[in-house]
Structures are given as C-alpha cells and as structure tokens.
There are 2 protein chains.
Amino acid sequence: MTAITRHLAQLLTRSSPSDLPAVAVHAARRSIVNWMGAALGGCRDEAVQRALATVSEFSGPPQSTVIGHPQRLDMLNAALVNAISSNILDFDDTHAHMILHPVSLIACALLALSETRRMTGCEFLHALTLGVEVEVRVRNPRVADYNFAWSPTATVGAMGAAAACGRVLALSEQQTAWALGIAATQAGGLRETGGSMSKAFNPGHAARCGLTAALLAAKGFTGSETVLEGPKGYIAAFGQAKNVDAIIEGWGESYQIELNTFKPFPCGIVGHAATDACLELYREGVRSDAVESMQLTVHPVTVKMMGRNAPTSALDAKLSVRHTAAAALVFGTVGVKQFDLACINDAEVTRLREQALLVIDERFRTDEAEAQLTLRDGRVLMKHIDHAVGGLERPITDAGLESKLKGLAEDVLSNAQIATLIELLWTFDKLEDASALARAVRN
Amino acid sequence: MTAITRHLAQLLTRSSPSDLPAVAVHAARRSIVNWMGAALGGCRDEAVQRALATVSEFSGPPQSTVIGHPQRLDMLNAALVNAISSNILDFDDTHAHMILHPVSLIACALLALSETRRMTGCEFLHALTLGVEVEVRVRNPRVADYNFAWSPTATVGAMGAAAACGRVLALSEQQTAWALGIAATQAGGLRETGGSMSKAFNPGHAARCGLTAALLAAKGFTGSETVLEGPKGYIAAFGQAKNVDAIIEGWGESYQIELNTFKPFPCGIVGHAATDACLELYREGVRSDAVESMQLTVHPVTVKMMGRNAPTSALDAKLSVRHTAAAALVFGTVGVKQFDLACINDAEVTRLREQALLVIDERFRTDEAEAQLTLRDGRVLMKHIDHAVGGLERPITDAGLESKLKGLAEDVLSNAQIATLIELLWTFDKLEDASALARAVRN
C-alpha cells in the first residue's frame, strides 16, 4: 500500500506560489470573479437569512466578513454562511471533467481565514489552486468508483479546504497529513438534499470542516496519516478503490483549476446543453406560442440529476431540465428570475414543461443535447448542441464573467463598489493583503 | 417506497416523557452516570486540551459548560469538546447488540443546549432515549449492510443528536424531518482514525452536527424529507439497503437504551472478553513471570478492530487486545493507567504482548474469548469467558457505576462535588432544571 496521504502532504507543503504558470494564475482569477458573483447574487436568499439567524446565536468574535452583509461572524461560521451564499443560486463554477464545484467553498474558507491570518493575494490563489488540486484528484474516476448517493462537491470539499487553509497556516508535512485526516473523517454530503436548502448547506459544511481540520492540526491535534489509502479510510468508505496512486500522478504538470468552467445559467450544469438548445431556437425566432410539444435528448446523468417535473420552488426548478428548457423558450433568457415562483407558475412555462419528453442517449456527452420542437403548424424543428456554452470548448470570456458579476451584485453593492471589486479581483495576485477582498464585499 | 423519514419524525414528535417505563428511565440514569464518569476521566487529556486551544480562538458567547474546566464555550463548541472528553478514554457506553456508543455524544449535545433552553431532567432523559432509539434503529443490520470503513457511532450520531435536540426544541413533525435530513447530510466518521485523536473527534463532530441541524430546522432551514429512504440518501450512501421499514418496527414496545452496557476497561469493547479471561487467571493466582507465552481465541471482529501490536501511545494501545491481555496478567487490573506509556513500555508487558498469538474462531460471539497460557514449567492453563463482564449478561451494578465515576472524577472534582454529582445523576429525572448538571461538573 502506497503512503498516498503522506505523499500528498509532502507535495502540498513543497509547492510554492512561484510554481504556478500564468495560465493557472489567470484561471484562478477567473474563478474568484465567478465565485464572488455567485456569492453576491446568493447572499440575500432566504436560505442564507435563515442560516445567519441560526448561527448568530452562537457565533464567536466578529472576525470575518459575511459577503454582502454588514455583520461579521467568527471565521468558521463566516466560511459556512458564505459558502451557502456561493452555492444557493447554482451559479458557481464547475470542473469540466469531474462535474463538481471546486472553488467556491475553498475560497470561502480562505476568505474567512484571511481576516485572522495575514496572507497575500498570491498566497491565497496558490492555496486555492492546491485545494482544487486535492479535490479533483481525489474525485478522479480512475482513483475509485464513487457511490452515486454522495455529492462530489461536498465529499471532497473538506479535504480541499483543509489543504488550502493548511498551506497558508504553513503546516508541516505531518500536520498537513493530519489535517487531511481530520477533514476526511468529517466528509459527507448527500445528493438527496437536492431541492432543499441543505443542498447549499453541503459546501458550507465542507468549508467549515476543512478550516476546522487545518486549525486543529496546527495545534497538534492528530489525525490518521493514512486516511486516503487505508482499508478503513476515505476511499473505502465512499466507493470502491481502483488506482489510488492516480491521486498524485502527473502532479505539477498542469493545474486542475485551468479546467474550471463557469455557468451562464443558474441551474444544474448537466441541464445546460438542453437549455442552450432552446435558447438558440428562441434566437432563431421560435416563440413558445407556436410550440405544441418538446422533446429533449440528453445524457443519462441529466435525467438522473435534473429529471424533476412540477417544481414548487426555485431550488426544485434548478433540478428540472424540463423547466429550464421551457423557460428558455418562453423568456429567451435563463437567469435568476427564471427560477422565481412567478416563472415556475407561469401558464406557458408550465404547459411546455409538463408535456416535455426526456429521451436518454447513452452516446451523448454531459454537455451535449438535442431539442426537438413540434410546432402547432405541424413542422418539427431540431437543434443539436455539441458543447454547451460555458464549457471548456465555448468558455465564458473575461468580459462575460465581469458582466455576470455585475448583474448578480447590483442589488447588493453600489456601482462604485462593484467597479472597485472587479479591479481588485483581476489584480488579486498583486495584493499585499488578501483581506482587502473581504472588506470590499461588506455591505 | 415508504416515507420512513417522515414516519420517524412523526413518532419522535408524538412521543412523551410519560411513555417511558421505569426500566427505561433507570437505564437512562445509569447511562448518564457512566457518561459523566467517562467525560470527567477524559477531560484533562491532551486531545481535549488541544481541541480547547483551537476552538477558544473562534468560540462564541460563554453559553455552555466545558466538563471539568472553568471556562465556558458557545453551545456547539461545548458539545464538540465534551464529546471528545467522553470518548477519548474509550470508556463510554456500548449498545449490546450494535457495538456503538450511543449515549455520550447525544448527552453532550443536550447538556450544552440545557444551558440556553430550559428543560427538565425528565425531558432531558426522554430526549436522550429518543436519540438513542434513532441511532440504534438506523444502524440495525436488518436495515442495511453498512460499509465497514464507517464508524457506527459517528455515522448515526448526528441524527441521534438532532432527534434529541429537536425534541427539546419542540420541533414540528416537518421540522423534525428536516433536522434528520440536515443531520444526515453532515454524517461521516471513518474507522481509519483509530489510534489518532480524531477517533474521539468523530463523536464530537457528530454532537455538533446534530445540534446544528436541530437549531437550523427550528429557524425554518429546510432539509430533505426523504433522507433515509431516498435513492440518493443516507442508507444508499453508507451501505446497501435491506429492509428500511425495520427502522420503525416495534416502536415503543421497549427502548434501546435498556440494552446499553458499560465498560469495566477503557479500551475497545470487542477486546473485553479476552482481557477478562486474563484477569480471571490473575485472580486465580497466575503471575506473569511464570508465563512463557499466551494465545487468545476471539471473534474475527476483535482482530479486525483490535489487532494492533507494538502500540506507541494510549490511543494505539486501546486498539490492541494483545496489550490489554498482557497488562491484565502483569498488573491484575486494566484501568486508565494501563494505557500510560509507562505500562506500554513496561518490559514484562512488552514481552507478553509481543509473543501473544491471536486465533480467530468464527463461532465465538464478540463478548466471548478464550485465553491459553503456556507456563515456563510446561503447564498449559485455559480460561474461557462466555460473556465479558460489563455486558448484558454480567452487567455492572449501580454501585459499580458509581465507583467507576468516583475513580475517574477524583482528579477533577472534590469529594464533596462528586457526592453531590452522584446524588444529582441518580435523581436526574426529578430535576426541575436540567442545567444543574452542567453547573455541577464545572471545575
């Protein structure tokens, strides 16, 4: 049995900010622009208000900023609440190959820590990149067959956040192994939460657990040093081991954060291609009142994860590709408003959604879909999307990310604050004190 | 698919303290006597000190007592630290059939809550009993084949604590279902932590997660209402479902807390029978210097969970049945001191431990063992233990529990404090304000 946990800890402690190529640094900058947009957009959500009301009762000293709010919380609760904000709209980042949201929860743990432990912007981005590396490498399907009930984002999140926070806390190799061990034994997060507020609680919990693990290890609290590869460890618990050594193969050749992508639509990523197809048809002049019925051909996992019908809430509708496709045909856009109850209950959206047929094609990729519309005049229109917009093949531009952030932040920050924030995010790696970011997003 | 989560929530909200028969109430009283002994014995451990040093940095208002310490923490951190204290000596309770430690972590969550939410002693014991009911019923092997890598105590602990805390918070049926959902999605805890401080962190984490879940649900934070039975839910995640309906079968006919047992030795429960056998031989006059070698015949799970040799720390030695058996032969007693480095490194203990042979017998029960000693004079002595002391068949008496508590508490509380505490615990169900217990265990 290879000592993978210990080896990984060694790689993490030996990595230096100067190792990162420019392309990784820029990918990290793009990731934090997207993250902060998602967090500002989500920070007034009812789920965040209820979480804030709960933790305010037992939160510690006002150490760390709550994004988009005036109050501060202790760093653990701030990490928790901010990661809920970042995820609640389903607008956060997605790793192109692993279909998990790697950045937001780690960034929230680091943001909270940046207000109690001095770190530069460059150190923040380096730690973030390492955390993503841990998450994506552990989740690699070559490492294990993971049980589908577990949320990928949540289950690797605590270890990712622990690795990132451990790096800025300058943990030793042994402490880093302990931090991974303490994080892994806290890991959890069920997909069954979909449709409830606790889906967004999952990454919040992971952020808090990862930060806790790093802080405990820093004080000498010991964890397992074989938590990944051990027979009663993480991989054995969450699935069936295949090639555990794959976790560290090719370390440093490139960085997983370069494969991070950003959503144009605030819903499950595996519904984006079908939504995109309907938007294309709308742009070509199709209007919903001409449409009799709709058939969507998708990858099996789209049905598995976004097969809901008859949504009754925004959180529900985000898991309904029938809903996002119908809304695309009716409104010609799929933004935050298309998940409001007004849109969910709209008669035309409901009509199209209810008769929409989902067809599975095993040969499709998850970012591929085909929409087939039968019009009232008998014509049939088809639109095939090879790669959904927002993915690696058709990425959002830097300007597109900026405009996404502006749209999401406008109800929370002033235009002047938004302009300052955008400037700060694009030059974050030059920042002497990363906590400037936290100060820029208080309201 | 039966709506088991919802049904369970209904049973929990409809249960009343007056439903409990006297035998269950007395079992609950015995459980808290044992719990408080284990917690007081463990509260000065290095692991607890390091956890305290960590959480002190971000803990909230001084709401809740840290057992055996002067300071107070916010209720979540108090629940966490106290549950570490309760488990660190491996001296906590064990459910006779499920081999998990059901009471301590729930009791720690309730103790912390009792200082911010008024509850009577009777309500505390009722809530505790319900929490144990949830833990043991979910863990029943008739419900599912659970993956061995997961710690039984930790994985069901958050739901047990959420059920208990939800009951004293008077959650509605829907809120109770949400609390179970929010707890289940936080559930985790790996057996690979064995030998490190994070083994005791697991129940601490579960206590904190369960209390968090109940507090969130009370504020309307929504969770999955199908978290147990859902296809992407708890049971599908942690194992292979068998009969999920078994969770609620026979509810109220008797209470699982009546099957709670208490350890005479501070180590893994599946090593107790072999330890007991060596102690019996010592009592019959055998002394270690006459012993050439030793063979222990045990149930397979004893080797799986306590098969370590060459322990280097107390936490390690608690997972070595070779060590506990050797110490029994050398010292004639197996208490906290038999896990100190002085005993681990004792030449005679080391000699006996190193040559001890473990033999598996599939036909043995987990509380059954046989010790075979080969003496220097060539004689062979055998001792077969049908049921280890401390189990259901040979339970510790009430007086035995009292004396266990006294021994564990003597370095932490004065004799007068201990006498008051014992009186309070045996009459806990008559108490108007359960928080008197917290006040009685501050130092």
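User: Which residues touch the most other members of the largest nonpolar core?
Analyst: This is a predicted model, where local features need pLDDT of at least 70, side-chain atom pairs count only at pLDDT 80 or more, and totals for chains, interfaces and linings use all residues. Residues are numbered from 1 along each chain as its sequence is written, chains are lettered from A and ligands numbered from 1 in the order in which they are written, and side-chain values use heavy atoms, with hydrogens and water left out. The residues you want are Trp35(A), Met36(A), Tyr234(A), Trp35(B), Met36(B) and Tyr234(B), in a core of 263 residues. A nonpolar core here is a set of buried Ala, Val, Leu, Ile, Met, Phe, Trp, Tyr and Cys residues joined through side-chain atoms within 4.5 Å. Buried means under 20% relative accessible area, exposed over 50%, partly exposed in between (1.4 Å probe, protein chains only).

User: What does Tyr234(B) touch?
Analyst: Leaving out residues up to four places away in sequence, Tyr234(B) contacts Leu190(A) from chain A. Its chain B contacts include Val138(B), Tyr146(B), Met159(B) and Leu228(B). Contact means heavy atoms within 4.5 Å.

User: What does the second core include?
Analyst: That separate core has 39 residues, among them Ile269(A), Ala317(A), Val321(A) and Ile385(A).

User: Switching to charges. How many salt bridges over all chains?
Analyst: The count is 50. A salt bridge is a side-chain nitrogen of Lys or Arg within 4 Å of a carboxyl oxygen of Asp or Glu.

User: Where in the chain do Asp90(B) and Lys199(B) sit?
Analyst: Their side chains form a salt bridge at 3.2 Å, N to O. Asp90(B) is in the loop between helix H4 (75-88) and strand S3 (93-95), while Lys199(B) is in helix H9 (residues 198-218), 109 residues apart. Helices (H or I, at least four residues) and strands (E, at least two) are DSSP runs, numbered from the N terminus.

User: Is Asp90(B) buried or exposed?
Analyst: Asp90(B) is buried, at 4% relative accessible area. Lys199(B) is partly exposed at 24%.

User: And which helix holds Arg283(A) and Glu280(A)?
Analyst: Both lie in helix H11 (residues 272-283) of chain A. They are 3 residues apart, about one turn of the helix. Arg283(A) is exposed at 54%, and Glu280(A) is partly exposed at 21%.

User: Which residues are linked in a network of salt bridges?
Analyst: Arg6(A), Glu173(A) and Glu225(A) are linked that way.
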